[in-house]
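Here are my notes on the two-chain model you asked about. Have the structure open while you go through the points.

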Amino acid sequence: MRTFEDTDIREALQRKFADTPQVPSDLNERLLQRIQKEEDTAPKHRILPIALRWIAAAAVLVAVLALFTWKSHTTKIQPQMAKQENAPKVIEKDHVDKSQTSHANFANDTREVEQLHTRSLETLQPKKKNRKAVRVEEPMITEAEPLPEEPETEQEYLPTEPDPFLLAAAKAQDIRARGELVYQEVVQIMNNH
Amino acid sequence: MEAVKSGQSEGQSLMVSRYGGVVFAMIARQVPNTMDAEELTSDTFLRAFRSIESYDAKRASLSTWLCRIAYRLTLDFLKRRRPFTVSIEESEVWQTDVTDEQLEAELSTGNEERIDRLQMLMDDLPPDERLLLTLYYFEERQLEECAFIMDATPHALANRLYRIRKKLYKQLKQS
């Protein structure tokens, strides 16, 4: 690489630095004193930050571990919770589907109406409670014991005259209305008797 | 070197007494305040003692390595004191092409007036450019050595030197 002469620049620099402060005679002593002083104080300053760094690192590690364990715990529990949550929904959905079927389907589904009827007769509980039980708690309906005098199978049950409960159920648009109508009919019949 | 590496004060004092003057002089050329220059010199040695393990004798002499540390500290100090911004007029200077030979001829006239003017112009240069001129022209260091001190490649430094010379030449012409 070639060297640039540029004598003007060299001369300008020579003149510029002519009045630069000269190296003091006691510079070395003063430098050594200052360096010694700095080195004595430096470790004291450094110990705390290093300790703090270790503490901070440990805290972060603990936090990460805690987060990791918490996450793994929740991922284990979630599927179980989801199962529990989904179970009643399925029943409810089935129930809703049933409620949306046609009159013919209602007529065919005599067992359900019978059960509803028997339960209504058996319990005769306040209106609200009954409605709630019919709508939401499907297992309660299925678990309800039929009255001993009621026929259990389709073959055994042979209606000789139009069933008022079946007619009432056929008129209802959904299971709630059906339940209400059935209940009203039952109450009426009971009052008449 | 071994004594310095093992942290012995004898080695450290020997190093300071041998190179303290060189480092101080280099810093004092850029930082006129003696107290500031002394502080920067002691900072240079402190940093050198702490990072003595990173010194590689194959790459540069101990003096050059110390100058490299001093250069960084001085540059940081000067930038903190006077942040440099490039003006638009200054950037327009690069638009005209001038050859190295032309520049050398223009900057080697021996004209007193020009030399005085150059002296003033150099005060207005950014610290890193002024330091490069000092290392190259005043301390008469090789471009490779300057590149080690300034942590750049010799080629990049040659380009930078060309730009500074061109800038000075343009400013001389304008005045």
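1. Start with helix α9 (residues 143-150) of chain B: six of its eight residues are buried, so this helix is largely enclosed by the rest of the structure. "Buried" here means 20 or more other C-beta atoms within 10 Å of a residue's own, "exposed" means 12 or fewer, and "partly exposed" is in between, with C-beta atoms placed from the backbone. Helices (H or I, at least four residues) and strands (E, at least two) are DSSP runs, numbered from the N terminus.

2. Before going further, bear in mind that this is a predicted model, where local features need pLDDT of at least 70, side-chain atom pairs count only at pLDDT 80 or more, and totals for chains, interfaces and linings use all residues. Residues are numbered from 1 along each chain as its sequence is written, while chains are lettered from A and ligands numbered from 1 in the order in which they are written.

3. Which residues of α9(B) are buried? They are B:Leu143, B:Glu145, B:Cys146, B:Phe148, B:Ile149 and B:Met150. These pack against α4 (62-81), α8 (127-138) and α10 (154-174) of chain B. Just after α9(B) comes B:Asp151, with a positive phi of about 55 degrees.

4. Not counting residues up to four places away in sequence, B:Leu132 touches B:Cys146, B:Met150, B:Leu157, B:Arg160, B:Leu161 and B:Ile164. A contact needs the two C-beta atoms, placed from the backbone, to lie within 7 Å.

5. B:Leu132 and B:Cys146 turn up again in the largest nonpolar core, which has 43 residues; B:Val23, B:Ile27, B:Leu66 and B:Ala70 join them as the members with the most contacts inside it. Such a core is a set of buried Ala, Val, Leu, Ile, Met, Phe, Trp, Tyr and Cys residues joined through C-beta atoms within 7 Å. Helix α2 (residues 9-30) of chain B gives the most to this core, with seven residues. The core also draws at least three residues from each of domain 1 (2-81) and domain 2 (88-174) of chain B, with bounds that come from an automatic or database domain assignment.

6. Now look along α2(B). Its 22 residues reach 29 Å from first C-alpha to last, close to the 32 Å expected at 1.5 Å a residue; the expected span is 1.5 Å times one less than the number of residues. There is still a kink of about 50 degrees, centred on B:Tyr19. That bend is the angle between axes fitted to the seven residues ending there and the seven starting there. B:Tyr19 is also one of the buried residues of α2(B), as are B:Val23 and B:Ile27.

7. How do the chains compare overall? Chain A has eight helices and zero strands, and chain B has ten helices and zero strands. Of the 193 residues of chain A, 14% count as buried; for the 175 residues of chain B, the figure is 30%.

8. Finally, the interface: 25 residues of chain A are in contact with 34 residues of chain B. On the chain A side, α1 (7-16) and α2 (27-99) each supply at least two residues, and α1(A) gives the most, with nine. By class, that side has twelve nonpolar, three polar and ten charged residues. Ala, Val, Leu, Ile, Met, Phe, Trp, Tyr, Cys and Pro count as nonpolar, Asp, Glu, Lys and Arg as charged, and the others, Gly among them, as polar.
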